[in-house]
Amino acid sequence: MHTIKLLSYLLICSFILVGCSEDDNVTLDTLQANNKKPLGTSANDLLSEINFTSLSIEIVSVQGFEPTTTAIDGFKQFLQERLFKPDGITITQRTIPSSEKTPFTIEEITEIENNNRTLFNQTDAVTVFIYFADGSKEQDTEEKITLGSAYLNTSIVIYESTIRKLSSRPNAPLLSTIETATLNHEFSHLLGLVDIGSPKQTNHVDTDSQGHCNIASCLMSAAIEFGNGAMGLGDDIPKLDVQCIADLRANGGK
């Protein structure tokens, strides 16, 4: 599991309806199993068109904690720039009532996914589930907060309540900027960055922070994730460094 933890500011579905007739041998448990694997194991499926020619993302938000339209637009643009999906990328959104469980453990987030995820990999569509939560992560402290977690091969939680509190502080980046950067960062973990499913092509792994890049300006940099570079973000969304992009291209991406 990889999380976004910060000292101050910032800086991470499926949409195929599955119907089985009485003659089908594929059970719901089997379908779910394909989306319940360790982080990074679906990197090539997400990046390339070899096994799946389309991507469907199911965003489920607690009512009142939906992401901004600007963030979703920026997130989709990021995906289009990095993934080979000739049949398209679809993002669908719906809301659900609060679970009233905050602060959350990852086990509780997984339970919420199990109870609300409706779409799983099928035929030529790979799927991702993203939950926008109305609370914080259980291990948050006054010094370190968590904005999002990529916790399985196609599963992400965004702690929208925490992001909104962060964006309300003086001189903070826009809400949509924090949301977009968080989505892009966490989805990049699903894509196998850094060296957790998309093997590194050069040695740019941060040895002090697993799954992150040692290039300070990169979207996957731990310096940004832990807040050292966050104060200077303004409203610019960090981009992947050329070395991270090289890793994705070597594993089937653009």
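I am working from a predicted model.

**Entry 1: a strand pair**

I started with strand β2, residues 54-62, and strand β3, residues 89-96. In which sense do β2 and β3 pair? They pair in the parallel sense, and I count eight bridges between them. Next I followed the chain from β2 to β3. The path goes through helix α3, residues 69-82. This β-α-β crossover is right-handed.

**Entry 2: α3 against α6**

Two packed helices are described by the angle between their axes and the distance between the axes. I looked up both for α3 and α6. Their axes come within 8 Å. The crossing angle is roughly 35 degrees, and the crossing is right-handed. Which residues make the contact? From α3 I list T70, A71, I72, G74, F75, F78 and L79. From α6 I list S176, E179, T180, L183, N184, F187 and S188. I then sorted the contact by class. Seven residues are nonpolar, six are polar and one is charged.

**Entry 3: α5 against α6**

Helix α6 also meets α5. Here α5 covers residues 160-167 and α6 covers residues 175-190. The two axes come within 9 Å and cross at roughly 135 degrees. On the α5 side, the contact uses E160, I163, R164, L166 and S167. On the α6 side, it uses L175, I178, E179 and T182. By class, this contact has four nonpolar, two polar and three charged residues. I note that E179 is listed in the contact with α5 and also in the contact with α3.

**Entry 4: backbone spots in the loops**

I turned to the loop between β3 and α4, with α4 at 106-116. E100 lies in this loop. What is the phi of E100? It is near 60 degrees, a positive value in a residue other than glycine. P103 sits in the loop between β3 and α4 too. A cis peptide bond joins T102 to P103, with omega about -5 degrees.

I found another cis peptide bond, running from L193 to V194. Its omega is near -5 degrees. Where does V194 lie? V194 is in the loop between α6 and α7, and α7 spans 222-225.

Terms used:
Residues numbered from 1 in each chain as written. Predicted model: local features only at pLDDT ≥ 70, side-chain atom pairs only at ≥ 80, totals over all residues. Heavy atoms only, no water. Pairing = 2+ DSSP bridges. Helix = DSSP H or I, 4+ residues; strand = E, 2+ residues; numbered from the N terminus. Right-handed = clockwise from strand over helix to strand, strands pointing away. Axes fitted to C-alpha atoms, helices over the stretch in contact; angles between N-to-C directions. Contact = heavy atoms within 4.5 Å. Nonpolar A, V, L, I, M, F, W, Y, C, P; charged D, E, K, R; others polar. Left-handed = near helix turned anticlockwise from the far one by under 90°.
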